[in-house]
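Please view the structure below before reading on.

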Amino acid sequence: MLEVRLFEDIEAVRRLWIAHWPRTGLFDLWPVRACFQKAFDRPPLLVTAEENGEVVGLLALSWIAEEGCFGHFPGETWHGETWLEQNRIVGRDEDVRRELLDHVPGPIHLRYLSPEAASAAAEVDEVGYLFFPRRYNGSFDAYLQEFSGKSRKKLGRELEALKAPGLEYRYDRTADVECVFRLNLSAFEERSYFHDSRFLASFEALVAWLDSQGMLRVTTVLLGGEVAAVDIGAIWGSSYTLLAGGASPDFPGVAKLINFHHLERACALGLEVVDFLCGDFGWKSRFHLTPRPLYKLQSPDTQPAFRDAYGGSPASYVI
């Protein structure tokens, strides 16, 4: 028989996450999530399912007061959207996942859920894009063969024109991270995630932690000696995740140059996968990246009285 428990103490959430949360990607790591939890400070709620003393299910939530619902922990919202991807409803099977959801004491709005959530009546939210260098035996030239001859020639001309002022790559200069914030804010203004001081603080903390662990990767493109584009990424195991970037409007098309560079370098380094995250932005599908749908799940407000009274501190208890 399943025993379902709810925990709202952040230390209990941390302990249970570290002990039982599957770690298959960067966003599964507790320190990554903790960077956003500290800045957004959402009241957490961890739902666990146990059987014979063994944890067989976990659902990590945060109460998002302005939206009147629970989101996936740590609830880092921006214009009503979250940022962290590959969120999970961890369960031994579909029945356990449904049991977890049934015991959430209020409405939920979960975004960017991994595919196992599809069985819980979820619908496609966004599509992420992956690159698998080993499909091409680590050969960038083999990857380029997926493009038609005409497309290869056109791309070659475009890239050579971009390189004309003089191309240089600079790696892992942490000071260049500030260029990402500046360029991104300049391009997107209020639409930039970094316009939210909480998200900016979260990302600065994330960069610092990644750097301390030797996981941070900063790639800078210089054209004619000027910073044209900067991308921030992270290496975890044999996977490389691109987290954020910025490009100068003075060098139209430079985003294409830096993205091709990521693909070529991933082949050279023998990486297993490169994750470009969600959003096509007009180039990911054209670059023959592999789409990976992520899912969202919403429920009606079944307990409005609880929502109105909830201050982020329900007592931990057994249902």
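In which sense do β10 and strand β11 pair, and over how many bridges?

## Basis of the description

This is a predicted model, in which local features need pLDDT of at least 70, side-chain atom pairs count only at pLDDT 80 or more, and totals for chains, interfaces and linings use all residues. Residues are numbered from 1 along each chain as its sequence is written, and side-chain values use heavy atoms, with hydrogens and water left out.

## The sheet

β10 and β11 (residues 216-223) pair in the antiparallel sense over 5 bridges. Helices (H or I, at least four residues) and strands (E, at least two) are DSSP runs numbered from the N terminus; strands pair if DSSP finds at least two bridges between them. Within this pair, Tyr169 stands opposite Val221 in β11.

Helix α8 (residues 254-269) packs on the sheet, touching strands that include β9 (123-131), β10 and β11; contact means heavy atoms within 4.5 Å. The direction of α8 makes about 130° with that of β11. Such angles run from 0 to 180 degrees between N-to-C directions, with axes fitted to C-alpha atoms, for helices over the stretch in contact.

The open sheet has 8 strands in the order β8-β15-β9-β14-β13-β12-β11-β10, with mixed pairing. β8 (109-113) and β10 (167-171) each have a single partner strand, so one side of each lacks a neighbour in the sheet.

## The helix pair

Helix α2 (residues 30-40) packs with helix α7 (residues 197-212) at about 150°, their axes 8 Å apart. The two are therefore roughly antiparallel (angles over 145 degrees; under 35 is roughly parallel, 65 to 115 roughly perpendicular and the rest oblique). Residues making the contact include Phe36 of α2 and Trp209 of α7.
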